Amino acid sequence: MKIFSGIQPTGDKHLGNYIGGFRQYARTQELGDAFFCIVDLHSITVDYDPRDLHDRTLDLFAMLIATGLDPQRSTVFAQSHVTAHAEASWLLSAVTSYGQLGRMTQFKDKADQREFVSAGLYTYPVLMAGDILLYQTDRVPIGDDQRQHLELARDVAQRFNARFGKTFVVPEGIYPEIGARIMDLQEPTKKMSTTGGTEQGTVKLLEEPDAIRKKFRSAVTDSGREIRRAADKPGVTNLVDILSVATDRSPGDVEQAYDGQGYGDLKRDVGDAVVELLAPVRERYLELRSNEPELLRLLATGAEKARAASTPTLEAMYERMGFVTLS
Ligand code: AQP
């Protein structure tokens, strides 16, 4: 089975990324031949500082390994090192519907937040479709926020297959059972995010333990006193989900354990559990990040493996689309 997922080297990575992304990557790499891509080409679709991109790419690579990816077993690489991604994106734009791109909620949300809206922000899902389809991917571990983009990738694959002959596997998503959408601690109706969330409500993976505890202590809860997941209790639901993931218990067990206790107890315990969960990640990350030559060596190995794996699909795309091929 082939597995693929991508993550952007933007902003500080947060607890939502950990639960919807990193944690799932480490688990799914066990399922087969896995590819994990630092999608640096995606990260230039919103305003960014070129001086940061280099460091953030290496930061993220170290974080991927610190959270459990094994670069010997899986292919871990940067998108810009494999030119097939940019090429596939252009070819696939021929079978992507303009109207469907305009309906992407992430595009609408991000476009609403800024004055300058790049064309890349609009065509972002086509690049993402190419990322996935180039590797004949069966499964894509992602958070709930990427569901719509994956649906588009599936449509693109089906349209290409129907028009030019069977070329791509039509991929399926793998979503975490609990925590597919971790919410902002201050505004629990919005997803936790470095671009769209609040500073106090976003728990960063490399934050100091005391700062993490403080963020949980000041998390917004809901009316009533009962600790239970419910649609009208988005704050409490989010905290129960986070505690459930951090302590590897079902949400039902967490609710039962807090029967009769107050929101203050829950907030304190979630903070402590998250600190405990992230402490070894932080330690391992700092160790890896201090050895930049080793990170670059591993990235080069990943790029080589990804080029070899994606080339046959890209060649098949050119050929089936009718381009003259020279070999
Ligand atoms: N709040 C979340 N809950 C669960 N999963 C999440 N993911 C992101 N936010 C949550 C998952 O993390 C993976 C990487 O996503 P990304 O590359 O889009 O990361 P990001 O850009 O850093 O995410 P942000 O901070 O949320 O930024 P915006 O809002 O700008 O996209 C994906 O699998 C994603 O589902």
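This passage describes the overall form of the protein chain and then several of its residues in turn.

The model is a predicted one, in which local features need pLDDT of at least 70 and side-chain atom pairs count only at pLDDT 80 or more, while totals for chains, interfaces and linings use all residues. Residues are numbered from 1 along each chain as its sequence is written, and side-chain values use heavy atoms, with hydrogens and water left out.

The protein chain contains 12 helices and five strands, where helices (H or I, at least four residues) and strands (E, at least two) are DSSP runs numbered from the N terminus. Along its principal axes, the C-alpha trace spans about 70 × 45 × 40 Å. The radius of gyration is 21 Å, which agrees with the value near 20 Å that a compact globule of 327 residues would have; the radius is taken over C-alpha atoms, and the globule rule is 2.2 Å times the number of residues to the power 0.38.

Of the 327 residues, 50% count as buried. Here, buried means under 20% relative accessible area, exposed means over 50%, and partly exposed lies in between (1.4 Å probe, protein chains only). The accessible surface of the protein chain comes to about 15,200 Å², and 49% of this surface belongs to carbon and sulfur atoms. Such areas come from the Shrake-Rupley method with a 1.4 Å probe, and for residues only the protein chains shown count as cover.

Charges come next. The protein chain carries 39 positive and 47 negative charges, and their mean positions are 2 Å apart. In this count Lys and Arg are positive and Asp and Glu negative, with His and the chain ends not counted; each charge is placed at NZ of Lys, CZ of Arg, CG of Asp or CD of Glu.

The structure holds 23 salt bridges, a salt bridge being a side-chain nitrogen of Lys or Arg within 4 Å of a carboxyl oxygen of Asp or Glu. One of them joins lysine 190 to glutamate 187, with the closest N and O atoms 2.8 Å apart. Lysine 190 is partly exposed, at a relative accessible area of 37%, and glutamate 187 is partly exposed at 31%. In another salt bridge, glutamate 199 meets lysine 204 at 3.0 Å, N to O; lysine 204 counts as buried, because its relative accessibility is 15%.

Glutamate 294 and arginine 297 form a salt bridge of 3.0 Å, N to O. Because these two residues are three apart in helix 12 (residues 292–320), about one helical turn separates them. Glutamate 294 is partly exposed at 30% relative accessibility, and arginine 297 is partly exposed at 45%. Elsewhere, a network of salt bridges links Asp55, Asp59, Arg289 and Glu292.

Helix 12 is also the place of glycine 302. With a relative accessibility of 3%, glycine 302 counts as buried. Leaving out residues up to four places away in sequence, glycine 302 touches Thr75, Val76 and Phe77. The C-alpha atoms of glycine 302 and alanine 78 are 7.9 Å apart, although 224 residues separate the two in sequence.

Two glutamines lie in helices. Glutamine 24, in helix 1 (residues 15–28), is buried at 7% relative accessibility. Its contacts, apart from neighbours within four places in sequence, are with Tyr18, Ile19, Pro141, Ile142, Ile174, Tyr175 and Pro176. Glutamine 158, in helix 7 (residues 147–164), is partly exposed at 40% relative accessibility. Between glutamine 158 and valine 169, 11 residues apart in sequence, the C-alpha to C-alpha distance is 8.7 Å.

Backbone angles complete the description. Most residues other than glycine have a negative phi. Glutamine 136, however, has a positive phi near 50°; this residue lies in the loop between helix 6 (119–133) and strand 4 (139–141). Aspartate 248 likewise has a positive phi, near 55°, and lies in the loop between helix 9 (234–247) and helix 10 (251–257). With a relative accessible area of 65%, aspartate 248 is exposed.

Key
Contact means heavy atoms within 4.5 Å.
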